[in-house]
Amino acid sequence: MINRRQLVIIANNGSSTGNFLPGVQEDVENYRDFFRSNEGGAWDDSEIVPKHCGWTESDLIGHLSNCKTLGIDYCLIVFTGHGYFCNNSPVFELSSGNEVSLEKIKQAVWDCRCLMIADSCQKIHTVSENLMLSKSFSFSSSAYGRMFYVQAYNALLEQVTPHSFTFASAVSKDEEAIDTDRGGLYSSSLLAAASRIKSSSFLSRVWSIKDVHDQAIAGVRTGSANRQHPQITTNSLHWPPFLIKL
């Protein structure tokens with residue numbers, strides 16, 4: 001049973017080190033608004049970590065490592081900002097002089113189910129050297145309270161393998177992620193796909209991150225002139241939920 005959830009949105013627009021990314025703040029607000037909505041899982045403000053910018057590696061890893069102690073069953077991490085690829089792992093630039101690898105994040109959240117969404121570059125920096133199972137939910141009416149969305153979202157979340165890690169990336173290895181003043185190309189495409197699904201005639205159910213990611217790919221490839229290829233991986237038999245459509 002999923003008792004506690006936590007959403008961590010990490011942002012770094014690069015303003016203190018140059019190479020400013022105008023869409024990062026848009027991503028923060030858009031993701032926060034989406035996840036707080038009923039369709040995004042009805043996340044409560046108490047489930048959302050208020051800190052977005054200025055993370056250090058030690059602060060972030062310490063915070064994530066403490067999830068099990070706090071009784072967190074599911075951790076959703078969103079990163080928007082600068083990044084690169086080094087030593088066989090994506091690396092995320094948290095703040096000036098602070099960065100963290102995907103592998104360290106995986107290790108920190110090992111005790112929880114975790115989904116990480118990253119809208120950042122993975123250009124290679126040279127240094128010395130599954131099965132998709134979608135669980136459908138049939139809804140007969142849209143007249144449900146907020147708790148209904150939480151329960152429907154968590155019902156699919158409970159199917160996710162314990163100690164699993166799912167990683168949705170804006171790019172493939174050695175690619176750059178495009179940023180716009182409306183947000184990162186991947187993030188805006190992902191949320192636009194969720195919006196289309198919500199207003200479409202698609203089957204009413206809980207849509208996984210893989211479902212929505214797949215719907216967003218075409219927009220990302222078109223918007224990047226086929227230079228950006230989003231990727232998603234998991235070590236779970238079930239993909240974590242992303243959108244509830246009634």
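Below are worked exercises on a predicted model.

Residues are numbered from 1 along each chain as its sequence is written. In this predicted model, local features need pLDDT of at least 70, side-chain atom pairs count only at pLDDT 80 or more, and totals for chains, interfaces and linings use all residues, while side-chain values use heavy atoms, with hydrogens and water left out.

**Exercise 1. Salt bridges**

Task: Find how many salt bridges the whole structure holds, and work through the bridges of Arg36, Lys51 and Lys106.

Solution: 

Step 1. Start with the rule. A salt bridge is a side-chain nitrogen of Lys or Arg within 4 Å of a carboxyl oxygen of Asp or Glu. Side chains of opposite charge can pair when their charged atoms come close.

Step 2. Take the total. The search of the whole structure gives nine salt bridges.

Step 3. Look at Arg36. Its side chain meets that of Asp45, at 3.0 Å from N to O. For accessibility, buried means under 20% relative accessible area, exposed over 50%, and partly exposed in between (1.4 Å probe, protein chains only). Arg36 has 36% and is partly exposed. Asp45 has 48% and is partly exposed too.

Step 4. Go to Lys51. Its partner is Asp59, and the closest N and O atoms are 4.0 Å apart. Lys51 is partly exposed at 31%. Asp59 is partly exposed at 39%.

Step 5. Finish with Lys106. It bridges to Glu103, with the closest N and O atoms 3.6 Å apart. Helices (H or I, at least four residues) and strands (E, at least two) are DSSP runs, numbered from the N terminus. Lys106 and Glu103 are three residues apart in helix α3 (residues 102-108), so about one helical turn separates them. Lys106 is partly exposed at 31%, and Glu103 is partly exposed at 35%.

**Exercise 2. Strand β7**

Task: Decide whether the residues of strand β7 are buried or exposed, and name the strands that pair with β7.

Solution: 

Step 1. Count the residues. Strand β7 covers residues 165-169, and five of the five are buried, so β7 is largely enclosed by the rest of the structure.

Step 2. Find the partners. Two strands pair if DSSP finds at least two bridges between them. Strand β6 (residues 113-119) runs parallel to β7, joined by five bridges. Here Ala118 stands opposite Ser169.

Step 3. Ala168 stands opposite Ile232 in β11.

**Exercise 3. Positive phi**

Task: Locate Asn88 and Asp174 and state the phi of Asn88 and of Asp174.

Solution: 

Step 1. Most residues other than glycine have a negative phi.

Step 2. Check Asn88. Its phi is positive, about 65 degrees, although Asn88 is not a glycine. Asn88 sits in the loop between β3 (83-86) and β4 (89-95). At 68% relative accessibility, Asn88 is exposed.

Step 3. Check Asp174. Its phi is also positive, near 70 degrees. Asp174 is in the loop between β7 and β8 (179-180). At 34% relative accessibility, Asp174 is partly exposed.

**Exercise 4. Aromatic rings**

Task: Count the aromatic pairs, classify the pair of Phe35 and Trp43 and that of Trp43 and Tyr74, and find the charges over Trp55 and Trp207.

Solution: 

Step 1. Set the cut-offs. Rings of Phe, Tyr and Trp (its six-membered ring) pair if their centres lie within 6.5 Å; planes under 30 degrees apart count as stacked, over 60 as edge-to-face, and the rest as tilted.

Step 2. Count. The structure holds 10 aromatic pairs.

Step 3. Classify Phe35 and Trp43. The centres are 6.5 Å apart and the planes 70 degrees, an edge-to-face pair. Both residues are buried.

Step 4. Classify Trp43 and Tyr74. At 6.2 Å centre to centre and 45 degrees between the planes, this pair is tilted. It links distant parts of the chain, 31 residues apart: Trp43 is in the loop between α1 (24-36) and α2 (57-65), Tyr74 in strand β2 (residues 74-81). Tyr74 is buried, as is Trp43.

Step 5. Widen the view. One aromatic cluster is formed by Tyr31, Phe34, Phe35, Trp43, Tyr74, Tyr153 and Phe242.

Step 6. A charge sits over a ring if NZ of Lys or CZ of Arg is within 6 Å of the ring centre and within 35 degrees of the ring normal. Lys51 lies over the face of Trp55, 4.6 Å from the ring centre. Arg205 lies over the face of Trp207, at 4.2 Å.
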